[in-house]
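Subject: Structure handover

Hello,

Here is the structure I promised to pass on. My notes follow below it.

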Amino acid sequence: MTQITSASIPEVPQRRVPGGIDAHGLSRSFGDVKAVREMALSVPPGKVTALVGPNGSGKTTLMLILATLLRPDTGFVTVDGIDAMRDPQGARRRIGWMPDTLGVWESLTCLEILGTMGRLYGMSGAEADARAAEQLEWVQLTEFAKRPARVLSRGQQQRLSLARATVHRPSVLLLDEPANGLDPGSRLRLRDDVRQMAADGVAVLVSSHVLSELEEMSDRAVVVRDGTTVSASELDDAADRELRYRIAGPENAQGAALTRALEERGIPYTHGRGRQRAGVVVAVSGRQAAAQLLAELVGAGVPIAHFAEEGSRLEDAYLAAERPAAQGSSGAGTAAGPAANAAPQEGETA
Ligand SMILES: Nc1ncnc2c1ncn2[C@@H]1O[C@H](COP(=O)(O)OP(=O)(O)O)[C@@H](O)[C@H]1O
Ligand SMILES: [Mg+2]
């Protein structure tokens with residue numbers, strides 16, 4: 001976009017033509033199932049946006065729509081300012097799509113897969129082959145260049161899939177449950193690769209139903225439930241936001257001294273999620289307040305063996321998104337019940 005400016009013309013705020021993805025009013029039904037209902041979200045360049053929600057909440061459907069592989073019943077998507085409904089080809093050139101499995105390509109060799117993809121994006125044969133080799137080197141799979149993709153481990157297949165999704169140097173990258181089934185080492189590699197893409201200015205959207213998978217790679221979180229976007233937030237490391245701390249005394253000591261000290265100070269506590277764990281959970285307004293509370297408890301002679309932040313930035317964003325709905329629903333159990341049950345946990349399987 002060229003913007004003409006002149007000293008004699010007062011500056012008028014321009015309509016933002018965003019890089020990355022801007023979507024609103026998206027709906028898509030499959031028969032009676034409203035998979036996506038009036039969803040809106042933006043995926044800004046240079047950041048990793050986490051798309052989190054339970055299984056069946058519409059994440060894959062939304063991503064297929066954003067990738068222009070599925071037509072929405074209603075709604076608008078722009079990709080780097082390009083209207084994806086009017087110009088799906090133009091939008092598609094800017095998008096990298098990594099589905100949750102490598103799919104039907106598995107009998108081709110790694111080199112063939114990447115070369116074929118390059119040709120589909122209009123590269124010449126030589127160009128596509130050179131790019132394929134380059135991509136394989138990037139994801140450290142050069143030794144598998146001539147092997148069929150089916151011999152790769154899940155982690156290696158995911159890396160090949162990432163290489164395939166980025167053959168054409170997209171400015172938007174959509175990753176559907178990429179960490180699903182990865183061992184810890186592969187997960188760390190994926191995190192580094194994704195962070196690198198964002199550092200290079202790519203707009204990244206990455207989905208998961210397991211919050212902990214995305215915690216370390218995300219800058220923002222969009223929470224979806226029942227086909228709607230329920231919140232979008234920056235995962236700032238704000239020092240003064242409300243935090244939860246788990247506090248416990250030494251093993252075998254009765255926790256009475258701790259709970260009495262909290263009660264005397266009018267500090268509410270719960271046993272938090274995971275009742276088998278020792279101690280109690282309190283809310284404090286930031287790390288400074290946490291430090292003060294710890295000093296006060298120790299000063300009052302309360303034996304403390306454990307004092308640590310509970311949960312994660314992503315978990316907090318997720319639970320915060322649950323709260324309004326939990327209050328709004330009537331007759332659906334206790335206020336805490338639905339929220340606690342709905343939060344996806346490590347170990348939950350697809
Ligand atoms: N092709 C399809 N045909 C029928 N129902 C579908 C189809 N794709 C998704 N759905 C339904 O839409 C809802 C959202 O699914 P999906 O987008 O896959 O959720 P998620 O990726 O969050 O697990 C689910 O109820 C699912 O069963
Ligand atoms: Mg899915």
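This is a predicted model: local features need pLDDT of at least 70, side-chain atom pairs count only at pLDDT 80 or more; totals for chains, interfaces and linings use all residues.

Helices are DSSP runs of H or I with at least four residues, and they are numbered from the N terminus.

I looked at the second largest pocket, which holds about 360 Å³ of space. It is lined by 14 residues, and the closest to its centre are Leu69, Arg92, Ile95, Met117 and Tyr121. The largest share comes from α2, with 3 residues. By type, the lining residues divide into 10 nonpolar, 1 polar and 3 charged.

The salt bridges

How many salt bridges are there? The count comes to 13. Three of them are described here.

In one, glutamate 216 pairs with arginine 191, and the closest N and O atoms are 2.5 Å apart. This pair links distant parts of the chain: glutamate 216 is in the loop between α7 (211-214) and β9 (220-225), while arginine 191 is in helix α6 (residues 184-199), 25 residues apart. Is glutamate 216 buried or exposed? Its relative accessibility is 55%, so glutamate 216 counts as exposed, the cut-off being over 50%. Arginine 191 has a relative accessibility of 23% and therefore counts as partly exposed.

In another, the side chains of glutamate 309 and arginine 287 meet, at 2.7 Å from N to O.

The last pair I noted is arginine 265 with glutamate 264, where the closest N and O atoms are 3.9 Å apart. This still counts as a salt bridge because the rule asks for a side-chain nitrogen of Lys or Arg within 4 Å of a carboxyl oxygen of Asp or Glu. Arginine 265 is partly exposed, with a relative accessible area of 29%, whereas glutamate 264 is exposed, at 60%.

Regards

Methods:
Residues are numbered from 1 along each chain as its sequence is written. Chains are lettered from A and ligands numbered from 1 in the order in which they are written. Side-chain values use heavy atoms; hydrogens and water are left out. Helices (H or I, at least four residues) and strands (E, at least two) are DSSP runs, numbered from the N terminus. Buried means under 20% relative accessible area, exposed over 50%, partly exposed in between (1.4 Å probe, protein chains only). On a 1 Å grid over the protein atoms alone, a cavity is a set of points where a 1.4 Å probe fits but cannot get out, and a pocket is an open set with protein on both sides within 12 Å along at least five of seven lines; lining residues have an atom within 4 Å of a point. Grid points are joined across faces, edges and corners, and a volume is the space filled by probe spheres set on the points. Ala, Val, Leu, Ile, Met, Phe, Trp, Tyr, Cys and Pro count as nonpolar, Asp, Glu, Lys and Arg as charged, and the others, Gly among them, as polar.
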